[in-house]
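Here are my notes on the model, point by point. Please keep the structure open while you read.

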Amino acid sequence: MVANSHKSAPCFVTLEGIEGVGKSTNLAFIRDWLSQHGHDVLQTREPGGTPLAEQIRELLLAPREEVVDSDTELLLMFAARAQHVATVIKPALAAGKTVLSDRFVDASFAYQGGGRQLPMARIAALETWLLAAFKPTLTLLLDLHPDIALARARQRGEADRFEREQLAFFIRVREVYLQRAAAEPQRFAIIDAGQSLADVQRDIAALLANRIGACAS
Ligand code: TMP
């Protein structure tokens, strides 16, 4: 029998957190864990995940002289997301794949709502319009104080337009992530990213084992 032939529901896992919390390393760990547990994994990211959405990503991340209006930024995030959901995420889920995305709509609430201080209702309206009730099955939030996370992120070379923001911006981003995790404990799991990598990955493996039962193979 094919390992995931009795999968009972599509599984959409997202990873969130501010820059410098170890998202890239842990994404690879999550992808490998899921594959080893019988999931046919499609790994993707936001903004991005399709050729058009990756072009929008380049527009969004490039440092530029022109001041980027926060509504423009928000709309570009959702334009990329609309394309990504319609042409990649939903078709993959329909084909029985497990989708693993580096960021999703929670990032718009955290960065544009928290960081840029746009009204949450504006973001919620776009979410309702473009996603309706479509949500991740499980969202893993790698949490770390921005002081430590930013110091890590800034060792990585050329900073993008978001990485150039001040500490206060990332404190607000983190705050919204934590608020959203507290409001939806059945969807979110918070991981202490300040631990050693081995401990972070032990926690992630335990969470995956406990929390994706509904869509596990
Ligand atoms: P990353 O993939 O390297 O984390 O870079 C993506 C950047 O885009 C990151 O700084 C977070 C930001 N972002 C938003 O501001 N809003 C969003 O909705 C998404 C998906 C990402």
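Which residues are buried in α5? Bear in mind that this is a predicted model.

1. Helix α5, buried side. The buried residues of α5 are I123, L126, E127 and L131. Around the helix axis they take up an arc of only 105 degrees, which places them on the same side of α5. Note that E127 is in this buried set. The cover over these residues includes α3 and α4.

2. Helix α5, the other side and the end. A121, T128 and W129 are exposed on the other side of α5. The helix runs over residues 120-131, twelve residues in total. From first C-alpha to last it reaches 16 Å, close to the 16 Å expected at 1.5 Å a residue. A132 follows α5, and its phi is positive, near 50 degrees.

3. Helix α8, length. How far apart are the end C-alpha atoms of α8? They are 21 Å apart. The helix has 15 residues, 197-211, so at 1.5 Å a residue it should span 21 Å, and the two values agree.

4. Helix α8, sides. V200, Q201, I204, L207 and L208 are buried in α8. Their arc around the axis is only 120 degrees, which puts them on the same side of the helix. A198, A209 and N210 are exposed on the other side of α8. The buried residues of α8 pack against three elements: α1 (23-36), β4 (138-143) and β5 (188-192).

5. R202. This residue also belongs to helix α8. Its relative accessibility is 47%, so R202 counts as partly exposed; the cut-off for exposed is over 50%.

6. Helix α2. A53, I56, R57, L60 and L61 are the buried residues here. Seen down the axis of α2, they fall within an arc of 125 degrees, so they line one face of the helix. P51, Q55 and E58 are exposed on the other side of α2. The buried residues of α2 pack against β2 and α3.

7. The largest pocket. Which residues lie nearest its centre? They are E19, K23, R57, D102 and R103, out of 28 lining residues. R57 is also one of the buried residues of α2. The largest pocket holds about 580 Å³ of space.

8. What lines the largest pocket. The lining has ten nonpolar, seven polar and eleven charged residues. At least two lining residues come from each of α1, β2 (41-45), α2 (51-61), α3 (70-94) and α4 (105-115).

9. R103. This residue sits in the loop between β3 (98-102) and α4. R103 is buried, because its relative accessible area is 10% and the limit for buried is under 20%. Check its backbone: phi of R103 is near 80 degrees, a positive value in a residue other than glycine. Most residues other than glycine have a negative phi.

10. Q117. Phi of Q117 is also positive, near 65 degrees, in a residue other than glycine. Q117 lies in the loop between α4 and α5. Is Q117 buried or exposed? At 56% relative accessibility, Q117 counts as exposed.

11. The peptide bond at P47. E46 and P47 are joined by a cis peptide bond, with omega about -15 degrees. Most peptide bonds are trans. P47 lies in the loop between β2 and α2.

12. R156. Where is R156 found? It is in the loop between α6 (146-153) and α7 (167-183). R156 is exposed, with a relative accessible area of 54%. Leaving aside residues up to four places away in sequence, R156 touches E19, G20 and E163. Among these, E19 is also one of the residues nearest the centre of the largest pocket. The C-alpha atoms of R156 and P119 are separated by 32 Å, and the two residues are 37 residues apart along the chain.

How values were computed:
Residues numbered from 1 in each chain as written. Predicted model: local features only at pLDDT ≥ 70, side-chain atom pairs only at ≥ 80, totals over all residues. Heavy atoms only, no water. Helix = DSSP H or I, 4+ residues; strand = E, 2+ residues; numbered from the N terminus. Expected span 1.5 Å × (residues − 1). Buried < 20%, exposed > 50% of the residue type's maximum accessible area, 1.4 Å probe, protein only. Arc of directions from axis to C-beta. Contact = heavy atoms within 4.5 Å. 1 Å grid on protein atoms, 1.4 Å probe; cavity = no way out; pocket = protein on both sides within 12 Å on 5 of 7 lines; lining within 4 Å. Points joined across faces, edges and corners; volume = space filled by probe spheres on them. Nonpolar A, V, L, I, M, F, W, Y, C, P; charged D, E, K, R; others polar.
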